[in-house]
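Here is a short briefing on one protein model. Look through the structure, then read the points below.

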Amino acid sequence: MRSMLCAAAAIVLGPSIVWADTIVQNTNTPGFAGTFNYIGYNSSNVAFGQPVASEFLAFGGRFHPASNSNEQAFASQTTVTATQDGQTFNVPYYNAIPDPNLFFRTIAYNPNLTGSWQLTVSNPNYNTVVFNTSAIPSNLPAPPFITGLTVSGTSQTVTTPTVSWNVPAYTAPNGYSQATRVFIFDLSQSTKQEIYRIDLAPGQTSFTVPTSIAGYGALLASGHYGVVVRNDYRTQSNATNGASSQSYFDFHPNAISQFNGPVVVPVSSVNSVGQTVYSFNIDVSHGQSVNLDPAAALGYIFSTGAGDPNFASVTLPNLGLAHPYELYIWNGTSFVFAQQLAANTLFDFGLGGVSRFEVLGIDASLGLDPNNSTAFVTQVTFTGDGTFTGTMTAITAVPEPATWAMLILGFAGMGFMTYRRRNNGTLSAA
């Protein structure tokens, strides 16, 4: 009997001793891989106002004590290093509200570092543990970027907007599944903190921001937020590998109510002369209103893409300026003054429309951010049906006439993504 009791005690007490001294990787929460190793692609060379690599490697994992003790206390004392091919990188703790236990690192793409990473997890209160990621296949294709992202709502729902987008038709590679993940960042903070994450069902192309985000609260109508929609190819195993295409968008919730209709948010890039350029790829129809909206300190240049229908008219937003805007039209060699244009006043470009126009007269005192894509909604219509693949370029200083040729060359150098035509209603582009 005594021997049976001792055996029973060993069975009960044994696991608690192991848990107290063991670091484990996350294996229980769907979508929260234990280790991961993937190649990533960004939709532009600028994300939320900061330069980003167009192609990168990301690796790390989710680690915690087996006893599930306080995450913050564990993370503050834990170091994770990643080693491959003689190179070692620190993998810092990624302290985001919706992403617990995450240690995450990105580096510039290196074809020699797509193999398995050895992750060494150390904490003075636990045994050091080594985990290995899986390798990224050399022939894994990039998932397509999403396009045509819109943010919609009314003046009563700007803090719970609905975000929608389009995804080109595609098939995930054999052995991989597709997943869409959406992240929201608070861009008003210097740290650009991630505040919300949602993993969507396959084929889902929209979601509505909740009235209250756990650990954060509600979005602010006057706030500045970033949205990342990530299209993933992932294996099903816990040691996840794959590829991701990330599309970046930013918006101010109160911009939704500047004009009726959803706000189509563009992809931002920097052209050859250092200006922020917002690129669009949306289907348009004759007479259809489209609200184009990048932010700039002094003005914007609006241009159609090759083969696009021309602009037929423009209406500018009411920012509370004490004076009208200045409207200029491109005559083939330079911008020529057309007229002063009051806010919320339709200007018709006339028969055939125009391929480029410029808006000046925005007071620098307003402090409009060239990297904010939803602070200045501009409504346009087009002369015909087709696809609008044009751009809006933020002006932070008014160029001298001699520099226009160089600027236009810079615009012409921009490349744009394309996707299949579809019919849309009223659109607002940011």
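Which residue in strand 12 is the bridge partner of Thr150? The partner is Ser164. This is a predicted model, in which local features need pLDDT of at least 70, side-chain atom pairs count only at pLDDT 80 or more, and totals for chains, interfaces and linings use all residues. Residues are numbered from 1 along each chain as its sequence is written, and side-chain values use heavy atoms, leaving out hydrogens and water.

**Whole chain**
- The protein chain has three helices and 32 strands (DSSP runs numbered from the N terminus: helices are H or I with at least four residues, strands are E with at least two).
- Of its 430 residues, 52% count as buried (under 20% relative accessible area, 1.4 Å probe, protein chains only).

**Strands 11, 12 and 15**
- Strand 11 (residues 147-152) runs antiparallel to strand 12 (residues 162-166), and four bridges join them. Two strands pair if DSSP finds at least two bridges between them.
- Strand 12 is also joined to strand 15 (residues 206-208) by three bridges, again antiparallel.
- Here Val163 has Phe207 of strand 15 as its bridge partner.

- Seven strands form an open sheet in the order 19-20-31-23-28-25-26, with antiparallel pairing.
- Strand 19 (267-270) and strand 26 (335-341) stand at the edges with a single partner strand each, so one side of each has no neighbour in the sheet.
- Within this sheet, strand 23 (residues 299-303) pairs with strand 31 (residues 391-395) over five bridges, in the antiparallel sense.
- Ile301 has Thr393 in strand 31 as its bridge partner.

Conventions:
Buried < 20%, exposed > 50% of the residue type's maximum accessible area, 1.4 Å probe, protein only.
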